Amino acid sequence: MKKSVKLMMAMLVLAFAFASCGGDDETQYAEFENGAIILNEGAYGNSNASITFIGYGSDIADNQIFYRINGRELGDVLQHAAIYNGKIYMVLNNSGKVEVASSATFIQLQTITGLVNPRYVAAKDGKIYVTQWGSWGEQGTVEVFDANSYSHTNTIKVGTGAEGLLCTDGKIWVANGGGYGLDSTVMVVDAATGAVSDTVTVGYNPKELVEDASGNIWVICSGADIYDDSWEVVGHLPSKLVMIDRQSRQVVHSLFISNTSHPAHIDVSSGKETVYFGGGFGVNGIFSVSITQPVIPQTPVIDGFFYGFNIRPSNGDIYCMVAPNFTSAGELKIYSSAGAALKSYSVGIAPSTALFN
């Protein structure tokens, strides 16, 4: 009898131990599901791009999570990423690839190769869309992949230096950012057929797009400096904020920003009623524009030089990335929607983008 009791006690202890281990596994599995994912570009040619994870409410930045989980470097220049159906698709520009990982565990699942200067990624209805510049002198394209098999399904030719893209209402809106030269168009692609249905002329070198609460499309056009053969600045192409009516495909507002400041990033508030723009080298401040009273303000919501920024959809906090150089750690600074400083973290080299898991 005593032996039976002892045996039962031992079995209970083992069962509890296994249950505890299972709980730890679940915690490990979900450790990146509730926080901000910071994309750190790294230095061109050094294959030291990285990912930082910061749990909401945490005071600790977990740097190098891809390396820690997978035991290898991510690649060369982490240009952009998107989260879709439990996976994160990470565009490595100079590596010419997209790394696919679980967005919960960051265990690597697949590598999509064969790309030339890939830039941005978006996902919709079982498809992954990646913009790429291609080689010098080539037309930009959108490369289409199956989100489950990762097989390449289509190449869509667009404008010069394809950059940001937006999937909405069965269409893919592509900003043709100029690449090695100049462009001033946004192209609208039918997602079902892959055909370009409209081309909208906006400002010089459009970079990114967002959709507002009314369904209209806003584009940040960074403009450019003009150089002579000695790389002296001899002129400027102005930066603009442009609003396109989604139905008519007509430009409704074309707001002059600056001749000499060239912001490269745009995002929208949690209610999609305020558009924010700013970010990029030499650009001072993050600015906001009401979609109902579209006027470029003279004073930024947040003062400072940021490499990139993004808005957290759930509460409107503004995540601003600081890249002092391409050799040392960058910084994430979090502000309220009103511009009040909240928290700051040391992150990887050249942080540029925040995603929210």
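The model is predicted. Its secondary structure comes to 2 helices and 29 strands. With a radius of gyration of 22 Å, close to the 21 Å that the globule rule gives for 357 residues, the protein chain is as compact as a globular protein of that length.

**Overall build**

- Taken along the principal axes, the box filled by the C-alpha atoms of the protein chain is roughly 95 × 45 × 45 Å.
- Of the 357 residues in the protein chain, 52% are buried.

**Surface and charge**

- The protein chain has an accessible surface of about 16100 Å², and carbon and sulfur atoms account for 52% of that surface.
- There are 20 positive and 33 negative charges in the protein chain, and their mean positions lie 11 Å apart.

**The nonpolar cores**

- The largest nonpolar core has 17 residues, and those touching the most other members are Ile37, Ile51, Leu78, Ile88, Met90 and Phe106.
- Two or more residues of this core come from each of β1 (35-40), β2 (50-55), α2 (65-70), β3 (78-84) and β4 (87-92).
- The biggest giver is β4, with 3 residues.
- Not counting residues up to four places away in sequence, Leu78 touches Leu39, Asn40, Glu41, Ala49, Ser50, Ile51, Met90, Val91, Leu92 and Ser352.
- Another core, of 15 residues, lies apart from this one, and its members include Met243, Val275, Phe287 and Ile296.

**Asn205, a loop residue**

- You can find Asn205 in the loop between β14 (196-201) and β15 (206-211).
- Asn205 has a relative accessible area of 7%, so this residue is buried, given that buried means under 20%.
- Leaving aside neighbours within four places in sequence, the residues in contact with Asn205 include Asn176, Gly177, Gly178, Leu182 and Asp183.
- Also in contact with Asn205 are Ile220, Cys221, Ser222, Gly223 and Ala224, among others.

**Ser261, another loop residue**

- Ser261 is placed in the loop between β20 (251-258) and β21 (265-268).
- Beyond its neighbours within four places in sequence, Ser261 is in contact with Ser222, Ser239 and Val283.
- Ser222 is therefore a contact of Ser261 as well as of Asn205, given that contact means heavy atoms within 4.5 Å.
- Ser261 and Gly161 are 100 residues apart along the chain, and 20 Å separates their C-alpha atoms.

Technical notes:
Residues are numbered from 1 along each chain as its sequence is written. This is a predicted model: local features need pLDDT of at least 70, side-chain atom pairs count only at pLDDT 80 or more; totals for chains, interfaces and linings use all residues. Side-chain values use heavy atoms; hydrogens and water are left out. A nonpolar core is a set of buried Ala, Val, Leu, Ile, Met, Phe, Trp, Tyr and Cys residues joined through side-chain atoms within 4.5 Å. Buried means under 20% relative accessible area, exposed over 50%, partly exposed in between (1.4 Å probe, protein chains only). Helices (H or I, at least four residues) and strands (E, at least two) are DSSP runs, numbered from the N terminus. The radius of gyration is taken over C-alpha atoms; the globule rule is 2.2 Å times the number of residues to the power 0.38. Accessible areas come from the Shrake-Rupley method with a 1.4 Å probe; for residues, only the protein chains shown count as cover. Lys and Arg count as positive and Asp and Glu as negative; His and the chain ends are not counted. The place of a charge is taken as NZ of Lys, CZ of Arg, CG of Asp or CD of Glu.
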